[in-house]
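Work through the exercises below with the sequence and the model open beside you. Try each task before you read its solution.

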Amino acid sequence: MRRVRAVGLAAVLVLALGACSQEYYDERGKADAPVAEQRGEDSPAEVFNFPDGFGNLATKCVGKGKRGYATTKSVQADDDDEVVVIPANAVIVDDPTCAAP
């Protein structure tokens, strides 16, 4: 009986973790885009949180002399399992303080 329970628990864990896989997001078009077979630059952005109901702002250097800003418009729940963030704006501006990566 213990063996059956252990196998059942293992099967449930495999199914639960499989839903969080990279393939799950790739199939839905929600994963990061590939960058010429490379990992890409993934340093953290500086995030400014605004009160509920307002979009947050993220900024970081995105190249030599360039800074990117991105905001979110809203968050919608399609169902109980998934949250959808609707992007509002993405802007790249000149910033001489940004050095080459």
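**Exercise 1. Describe the link of Cys-61 and Cys-98, and say which parts of the chain it ties together.**

Solution. Begin with the geometry: the link of Cys-61 and Cys-98 is left-handed, with -75° about the S-S bond. Helices (H or I, at least four residues) and strands (E, at least two) are DSSP runs, numbered from the N terminus. Then check the bond itself, which is a disulfide with 2.1 Å from S to S, where the term stands for a pair of cysteine sulfur atoms within 2.5 Å. A search of the whole structure finds one disulfide. Finally, look at accessibility: Cys-61 is partly exposed, with a relative accessible area of 29%, whereas Cys-98 is buried at 3%. Here buried means under 20% relative accessible area, exposed over 50%, and partly exposed in between (1.4 Å probe, protein chains only).

Before going on, note that this is a predicted model, in which local features need pLDDT of at least 70 and side-chain atom pairs count only at pLDDT 80 or more, while totals for chains, interfaces and linings use all residues. Residues are numbered from 1 along each chain as its sequence is written, and side-chain values use heavy atoms, with hydrogens and water left out.

**Exercise 2. Find the two salt bridges of the structure and locate their partners.**

Solution. Recall that side chains of opposite charge can pair when their charged atoms come close. The criterion is a side-chain nitrogen of Lys or Arg within 4 Å of a carboxyl oxygen of Asp or Glu. Lys-66 is partly exposed, with a relative accessible area of 33%, and Asp-94 is exposed, with 60%. Another salt bridge joins the side chains of Asp-95 and Arg-67, at 2.6 Å from N to O. Here too distant parts are linked, with Asp-95 in the segment after S4 and Arg-67 in strand S3, 28 residues apart. Both Asp-95 and Arg-67 are buried.

**Exercise 3. Describe the surroundings of Arg-67, and then those of Ile-92.**

Solution. Start with Arg-67, found in strand S3 (residues 66-77), whose relative accessible area is 15%. Its side chain makes a polar contact of 3.2 Å with that of Thr-59; such a contact is a pair of N or O atoms within 3.5 Å, where within protein one must be able to donate a hydrogen and the other to accept it, and residues adjacent in sequence count only if both atoms are side-chain atoms. Not counting residues up to four places away in sequence, Arg-67 touches a set of residues including Lys-60, Val-91 and Ile-92, where contact means heavy atoms within 4.5 Å. Now turn to Ile-92, in strand S4 (residues 83-94), which is exposed, with a relative accessible area of 60%. The C-alpha atoms of Ile-92 and Arg-67 are separated by 5.5 Å, although the residues lie 25 apart along the chain. Leaving aside neighbours within four places in sequence, Ile-92 is in contact with Val-62, Lys-66, Arg-67 and Gly-68.
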